[in-house]
Amino acid sequence: MNASPKKTIAVYAANGCRSCEHAILDINNQVQPLSRWADIVYWPYMLGSGEQELGSLDTIDVCFFTGAIRTDEDRRMAEKLREKSSLMVACGACSAFGGMPGLSNLKDLLAPPAEDATPAETDETQDDGPVLPAMQSRVSALSQIVAVDYVIPGCQPTQSLLWSCMQALVCGPKSGSKISFTTSRLPAEAAQAIAAGILPPKGFCFAGEKAVCASCSRVKEEKLFEATIRPYEKYEVTGRCLLEQGLVCLGIATREGCGGLCTGLGQPCRGCFGKSEAVYDPGAKMVSAISSTFASEDEDEIEEMAETLEDLSGTFYRYTAPSQCAIASKE
Amino acid sequence: MQTITIEPLRWQDDPAKITVIPNDSHPEVYYQVTRPQSIDAMCIGRPVEELPRILAMIGPAHHLASTLALDRLFDVEPPELARNMREALLQAQVFSTHLRKLYFLLTNWQNPFGDFRSVEGVGKQPKKSPRLLEDVTHHLALSQEAETILGGRHDHPLTSTAGGVSRFLKEEHFARLAEIAESCLGFSVKFAATLREQLFEDKKILSQWLNITIPAMPSLSLTPEGTVRHLDAKGNMVAQFPAQEIQDKIGLQSEDWTYLPYAYLKEIGWQGLDKPEGLFFVGPLARVNANQESTMPLAEEERQRMIEALGAPPTYTLVASLWAMAIELIQAAETIRGRANQESLAGPSIREIPTGLASSTWSAVEAPQGLISHRYEVDDKGIVKSVDIFDPAMGNNALKSLLAKQLVTEGLSRKEDPATIKEIVSVGVLPF
């Protein structure tokens with residue numbers, strides 16, 4: 001069935017949680033055993049793999065890198081894994097965009113640290129004491145440190161998109177399972193190419209191209225709202241578009257692929273898939289979207305409404321501050 | 001001798017390593033968490049209603065702890081269906097968290113992805129029935145499905161909100177939850193029997209690790225009434241205090257060689273890891289060591305079997321800590337079964353809409369891995385001014401450090417190599 005040699009896979013977690021790694025483990029346990037297609041040669045969390053084992057590997061076919069770059073160690077491992085890996089995949093929102101750890105960058109941007117507030121320092125030159133990786137001055141997405149070949153967005157990535165990526169990069173065209181269900185949210189050309197065993201172009205994001213609104217189940221009536229609503233206040237939990245009700249919902253600026261998961265559950269989108277293809281800066285897009293949905297042309301009313309919006313930067317860039325905020329992502 | 005670094009430990013929520021500085025016959029052993037976490041940066045300045053979704057990142061049970069804090073802040077009482085959904089979600093989290101750890105234990109001597117890599121220093125072990133592992137992973141998937149129904153996603157839930165939950169469940173959800181609960185309950189009872197017969201009592205397999213003893217320490221856990229129970233290492237009640245005082249009673253000691261602070265009792269003060277008087281631990285073993293009768297009949301039967309085999313609590317062995325998880329697996333499945341019906345999870349309203357706003361709030365939850373406490377202060381617009389989180393990782397940092405030191409010292413005295421010591425420590429600290 002699978003005559004070609006197995007691919008080799010590495011999985012690594014920098015700064016984040018374990019959810020992306022659990023998602024990969026779930027693929028193995030719930031979809032297909034990865035050993036059919038690949039040898040997992042390096043995975044500190046699951047196998048206890050150390051740097052010595054990594055050093056003994058000549059090459060790695062595919063590296064799934066999760067988590068944001070927060071410490072010197074994260075950066076060093078990103079560089080080392082990039083050097084050894086033919087394909088580097090930024091897996092999950094932290095790795096792809098900086099994720100929620102990246103909110104630290106906004107904090108520093110909005111309130112510069114006091115002069116004496118330095119990152120945790122450890123004496124890297126110390127020979128015989130316990131050494132701790134030093135924190136970098138800002139959180140980075142993986143692509144800000146090394147070249148990234150593919151991206152799987154989401155916090156955590158959905159199982160279908162993660163599996164579609166694995167089928168494309170690891171299993172190839174000989175995969176015994178059909179790919180149609182996994183590619184249902186990918187652009188048609190990409191899905192067809194993957195099914196034919198052709199690798200998607202470098203930089204491809206395993207998700208849709210349009211905005212979440214394109215697949216959100218809520219009804220858009222093109223109505224305008226008269227006052228903003230916060231998620232703890234009263235609103236219609238089913239039916240109407242949340243933005244049109246006055247809630248700050250990032251669906252219009254966010255890449256689709258989740259199927260409108262949060263909005264379907266009655267919660268506004270917070271942008272864990274990053275910006276959609278046509279958007280330059282999700283914050284700027286949201287300002288435009290809210291402005292055009294607000295039912296007033298009176299300057300005072302608009303100003304009054306604007307003052308009711310709280311923590312726009314922390315909301316618009318909840319998962320993307322290090323890499324997609326035009327101001328904060330500049331070095 | 002040069003400094004020895006043992007890294008990375010397997011299966012740790014917080015990435016960790018151990019640094020050993022040989023010092024004749026008294027090596028200095030440092031258990032180091034190497035990942036910084038910036039909770040303040042994530043939370044301060046955010047609208048407070050966003051915290052349940054943000055804090056879910058540090059653990060799914062934090063989503064529920066944060067929602068409980070919001071209920072208090074906005075002075076709202078969730079309707080019964082919301083309370084039942086949250087409780088069922090918490091128990092589904094207990095089930096999946098414990099089962100994942102037990103899956104790790106059962107695959108510890110081999111590469112769970114095939115025979116590609118053999119773990120050094122462990123020696124040959126009898127192969128476990130693949131059917132058992134299939135059952136484990138199947139029920140892990142089922143419990144995650146229950147979490148998804150109840151919480152929207154299993155790892156980062158989002159449906160709990162101030163005053164209730166964000167959506168109604170449908171009829172197909174009730175039916176599916178009932179199926180899952182029934183299957184998980186049957187499995188957990190059988191699985192506990194398998195663990196008991198093959199691991200805990202006969203020690204036919206994993207024998208070299210199951211004899212590990214855990215440092216005897218005081219413990220903290222919530223009582224059914226919601227107060228915090230502080231027991232000494234012998235299981236005697238030292239104090240009982242309201243849960244809202246947790247952060248007043250517990251201090252956090254930071255060290256420059258680890259990113260995770262150590263929790264200690266302020267009343268006694270931080271005296272270092274060498275003087276464990278002010279230290280404590282939390283989690284399944286702490287709860288079972290409190291010797292509280294389970295309200296769930298099958299879980300209570302299993303608890304009695306544990307007492308019969310190991311003696312009256314408190315007990316401080318790896319077997320006891322794993323057995324505690326097996327008991328809680330059954331208890332979680334029984335609790336979900338009791339709530340997985342239309343009567344419990346349906347109703348006219350999913351949440352009470354807040355009308356007021358206090359300036360501060362708190363919450364406490366017995367999460368899968370142990371006691372969690374949240375405390376926030378907000379301004380008059382509900383924007384977070386301060387956030388104070390007590391997490392089981394902090395609560396068990398001292399225990400894990402002391403256990404790691406004990407296992408490393410024993411390993412070195414047996415002249416074991418670092419790879420073997422790494423495996424022993426990884427298994428030893430797994431339940432915490």
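Helices α1 and α7 of chain A are roughly perpendicular to each other in this predicted model. The reason lies in the crossing angle: the axes of α1 (residues 19-31) and α7 (residues 159-171) of chain A cross at roughly 80 degrees and come within 10 Å, and because angles of 65 to 115 degrees count as roughly perpendicular, the pair falls into that class. On the α1(A) side, the contact is made by Ala23(A), Ile24(A), Asp26(A), Ile27(A), Gln30(A) and Val31(A). They meet Gln159(A), Leu162(A), Trp163(A) and Met166(A) of α7(A). Sorted by class, this helix contact has seven nonpolar, two polar and one charged residues.

We can turn next to the interface of the two chains. Here 64 residues of chain A are in contact with 68 residues of chain B. Between them the chains bury about 5800 Å², with 55% of that area on carbon and sulfur atoms.

Five salt bridges are counted between chain B and chain A. In one salt bridge, the side chain of Arg46(B) meets that of Asp311(A), at 2.6 Å from N to O.

On the side of chain B that touches chain A, the elements giving two or more residues include the strands β2 (16-21), β3 (28-33) and β4 (160-161). Helices of chain B on that list are α1 (39-43), α2 (51-55), α4 (80-106) and α5 (130-151). By class, this side of chain B holds 29 nonpolar, 20 polar and 19 charged residues.

Definitions and conventions: Residues are numbered from 1 along each chain as its sequence is written. Chains are lettered from A and ligands numbered from 1 in the order in which they are written. This is a predicted model: local features need pLDDT of at least 70, side-chain atom pairs count only at pLDDT 80 or more; totals for chains, interfaces and linings use all residues. Side-chain values use heavy atoms; hydrogens and water are left out. Contact means heavy atoms within 4.5 Å. Buried area is the accessible area (1.4 Å probe) that two parts lose on being put together, summed over both. A salt bridge is a side-chain nitrogen of Lys or Arg within 4 Å of a carboxyl oxygen of Asp or Glu. Helices (H or I, at least four residues) and strands (E, at least two) are DSSP runs, numbered from the N terminus. Ala, Val, Leu, Ile, Met, Phe, Trp, Tyr, Cys and Pro count as nonpolar, Asp, Glu, Lys and Arg as charged, and the others, Gly among them, as polar. Axes are lines fitted to C-alpha atoms, for helices over the stretch in contact, and angles run from 0 to 180 degrees between N-to-C directions. Angles under 35 degrees count as roughly parallel, over 145 as roughly antiparallel, 65 to 115 as roughly perpendicular and the rest as oblique.
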